[in-house]
Amino acid sequence: MCSLFYVDRLVGDVLQLAGFLSYCGPFNQSFRNMLLNDTWMAELHKHSIPYTENLNLISTLVDPPTISEWNLQGLPGDDLSVQNGIIVTKATRYPLLIDPQTQGKAWIKTKEKANDLQVTSLNHKFFRSHLEDCLSLGHPLLIEDVHEELDPALDNVLEKNFIKSGSSYKVKVGDKEVNVMEGFQLYITTKLPNPLYTPEVSAKTSTIDFTVTMKGLENQLLGRVILTEKYELEEERLKLMEDVTANKRKMKELEDNLLYKLSNTQGSLVDDESMIGILSTTKQTATEVSEKLRVAAETELKINTAQEEYRPAASRGSILYFLITEMSMVNVMYQTSLSQFLKVFDLSMARSQKSPVTQKRIGNIIDYLTFEVFRYTVRGLYENHKFIFTLLLALKIDLQKTQIKNNEFQILIKGGAALDLKTCPTKPFRWILDMTWLNLVELGKLPQFSEIMNQLSVNEKGWKVWFDMDAPEEGVVPDGYNDSLDVFHRLLLIRSWCPDRTLSQARKYVGDSMGERFAEPVILNLEATWEESDTRTPLICFLSMGSDPTNQIDALAKKLQLECKAISMGQGQEVHARKLIQRCMTQGGWVLLQNCHLGLDFMEELLETLTTESIHDSFRVWLTTEPHNHFSITLLQSSIKFTNDPPQGVRAGLKRTFVGISKDQLEVSDLPMWRPLLYGVAFLHTVVQERRKFGPLGWNIPYEFNSADFTASVQFVQNHLDECSAKKGVSWVTVRYMLGEVQYGGRVTDDYDKRLLNCFARVWFSDEIFEPTFCYYTGYKIPVCNTVAEYMEYIQSLPAVDTPQVFGLHPNADITYQTNTSADVLDTITNIQPKESGGGAGETRESIVYRLAQDMLDKLPPDYVPHEVKARLVKMGALSSMNIFLRQEVDRMQRILSMVRISLVDLKLAIDGTIIMSENLRDVLDNMFDARVPSLWKKISWESSTLGFWFTEVLERNSQFHSWVFDGRPKTFWMTGFFNPQSFLTAMRQEVTRAHKGWALDTVTLHNDVLKLSREDIKTAPAEGVYVYGLYLDGAGWDKRNGRLIESTPKVLFTALPVIHIFAINSTAPKDPKLYICPLYKKPRRTDLTYITGVVLRTVQSPDHWILRGVALLCDIK
């Protein structure tokens, strides 16, 4: 009866199992469970197909002895891995393993070792013959580390296009027919963590996701911990597994034997003596085996209980490994293999302090391991990513310990970016920035801060005093928060109020959460790095602007009395590199291959060479490379990685420059002008590099000034002085031109950057530099020295941290720099967060975005009706230049409204499952969840820091166009709201030119006056030209009473300018040199694309002062 019932359900079960083998390979555990337990069950139910409830896939498809055997061969024991093992062995197509940690590959190698497994790769020189041999001899073949393309020669094999020939089969490989023997099996593996295979590849192979899971890795690490700490326990467990496997096998064999006998016995069973013998043996063995299995089960329980005590160490290891792999999304070069990590893990257990108390010992392992992994990883990260890793490390550990909740983590990385200013409670005071207010509204959703908005309204003075401090994180937070908040919640408060102080408080949080040593920078020790390496481990240095480790590597080689030969990669250099490597491998010494991103193909070959041939003990290979998406992952995963970023600051920069200056160079000229000029060029060289970090305030475009510019400039100065005499003096015009226009200026492509460079040359290169009173800034003078050592001594006395004023900037520039750095860190963390996690309070990503989409659709303004707009334009004068401009702007606005409306409606349908979620809709969903502007919308609109600000701007821009079309031309214009402000100013110029008889457009130029009025005070439009409002000064303040530039107020980064009257005059004469010509840009990123025009501003100081300050006008500061 039971079996009949089972036969009934067989259809549904077989359908599920076949579906699992065919479709589930590429998915991770949660997706597989969703397919099997929700989607497919519902389908079977809907079509009334009988099936077994909660069907256990694993036990149905494979017997326990086989699983135990796989585990012994190195397949991890978690469900996902066992399922993968089943697909590898049972699916009809050949398996393609996505195996970044190479666990699947290791298992296959052990599993097939006895069957003469042949390992090859697609670019192996004998790949074809390996394939043909394995086919004709019936051996298994493993093709490792493939990329996204497979060799076409494999097509017939993968599709199993076997041709029957007599009793055997043949297959065409290329143009050759090869016999296919029994026992041939093909395995393909890739190290790419997220490859994009074409549908053809996916159809021909059985793609299987072998990526390690957090839990799976934790169990493996637990095994390792026990193996070291409780060797006898793990040994007992392994022996037990072997015994149990053998016993279960025995039981199975006996049962099979018995069944076979029973089915084949002729006549009466009682008369068959052998049968009776078998029965009694089976019974006896079964009793023994059952007893053994019972004892085994008890022992296993005991062992597992003992093991659980050590789980925290394994769990920490798992968190650390997954954080390291996440870093590869920050930069593709940050690749660390599982085997590298396991080496560090084992070392940490061996070197950490022993203790008889288990809990203390576990604590010691965890502490040692965390710091060791931190040190190992940070060494190979660029300077700007080091702190991202450290902060994430602290956050992940605290999230796992549940000391931080997920919604608090989301507030830290996103703040109030998703909120719309219009729907939030009104801002109580003008001095609070919009973004700060949105952050506080979001922060108020946490229980610790539920009253913050009311407290702020009541105690304005207390909060303003705290906010105005230089370092609010050090001060006393008002309203009792100082004592009630722990370091993390204080970080949330600082992040919301003062973004520029976020990193400073984050360092305190790291120090508090993990210990001060994690907050300290890790200094590169090349010698220690070399000691860690061996002959087959390359050492790779990642290059960045102005960093080249060649000199340090050379110096280390000299110190160790080894020869170091360098060769720069590039077209045709492979031959020379090959010879050099072969020579050093036999004779010893180091090889330094520079710029390896220019010789990518050779990297694969290098790896092959290092792994196969015999090598001299002193041989090492050093590589330098810039990041490249196609750099060999295998090479990165089997090498030691380090970075050598140039140190920050004037002191460090000058030191680096003077290290390269020799005694002879210092004494090359007897003229008294030589040494001050040499120091002057060195100071300029440092400053132009240091200004880069301040973003657009420093340089509009970050140029790669390097030591070659310095060397060339010094050579020029030297040659120039050879032609001078003490009487004749220096020709400053020549020196300034050569520095500002040629040596350094040759790199500069932006006109305003060129103006800045020439300004430096004007201010810092004149007879004044020979005066004893001359200084670049207080405390930065030109020293009078005779030797390089004296210069070094003076440089050492300079401050370690420089105020921005040294570079000609206002102290506020530091706030901008700190704010941007913090924003970069938080943005990067947002980018690498896994996409499948649910939101805070059990709400999924989809439902959060659905609600947001509905909210945006409700607020989106209606479309423009073409014939209504046309009628209004005709009434206002369709051919007037201003109205032509308006029509173009309205057309662009309409494109955005349509696009946003269609996207949001489709997105809601896709979330409901009515239509398919396309690539574009997926992008909209991801970006809306991260509170960013989807790329589809950004492409046809403008850049904005958050989705909330972008949407508010859509509504504001639209209202300006709507009122202009339907209520007539405005008295004042909000220039920020135009797509093409240049066109707006040109239209105004045309309008003025047409109004004056005899004026020609070519000779009419723009001019402007800054009024003392604000937008509200303007009652009528100007007779000529336009009134423009909503512009902000960046880098300076504005004296409203006298209408001129003044220094910025501390902590106020942008100052709103009153209304500007822009008009046109019939003159092409140059502007008054006493006025500062201030560039006007659409966005804070100052490039040719965002440049609008130059505006003249009155000033008491020399315009040079404001050029060095980097002063500009911006339409939009968000």
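Predicted model: local features only at pLDDT ≥ 70, side-chain atom pairs only at ≥ 80, totals over all residues.
Which residues are buried in helix H35 (residues 788–796)?

1. In helix H35, the buried residues are Tyr 791, Tyr 794 and Ile 795. They lie on the same side of H35, because they cover an arc of only 100° around the axis. An α-helix has 3.6 residues a turn, so residues three or four places apart point the same way. On the other side of H35, Ala 789 and Glu 793 are exposed.

2. The partners of the buried residues of H35 are helix H29 (650–659), helix H30 (663–666), helix H31 (674–690) and strand E15 (780–781).

3. Helix H38 (residues 866–876) and helix H39 (residues 881–912) have axes that come within 10 Å and cross at roughly 165°. H38 is therefore roughly antiparallel to H39, as angles over 145 degrees count as such. The crossing of H38 past H39 is right-handed. H38 contributes Val 869, Leu 873 and Met 876 to the contact, while H39 contributes Asn 883, Leu 886, Arg 887 and Val 890. By class, five of these residues are nonpolar, one is polar and one is charged.

4. Thr 102, a residue other than glycine, has a positive phi, near 55°. Thr 102 is placed in the loop between strand E1 (94–98) and helix H6 (103–111). Its relative accessibility is 23%, so Thr 102 counts as partly exposed.

5. Ala 931 is not a glycine either, yet its phi is positive, at about 65°. The loop between helix H40 (919–929) and helix H41 (935–940) holds Ala 931. Ala 931 counts as buried because its relative accessibility is 3%, and buried means under 20%.

Definitions and conventions. Residues numbered from 1 in each chain as written. Heavy atoms only, no water. Axes fitted to C-alpha atoms, helices over the stretch in contact; angles between N-to-C directions. Helix = DSSP H or I, 4+ residues; strand = E, 2+ residues; numbered from the N terminus. Parallel < 35°, antiparallel > 145°, perpendicular 65-115°, else oblique. Left-handed = near helix turned anticlockwise from the far one by under 90°. Contact = heavy atoms within 4.5 Å. Nonpolar A, V, L, I, M, F, W, Y, C, P; charged D, E, K, R; others polar. Buried < 20%, exposed > 50% of the residue type's maximum accessible area, 1.4 Å probe, protein only. Arc of directions from axis to C-beta.
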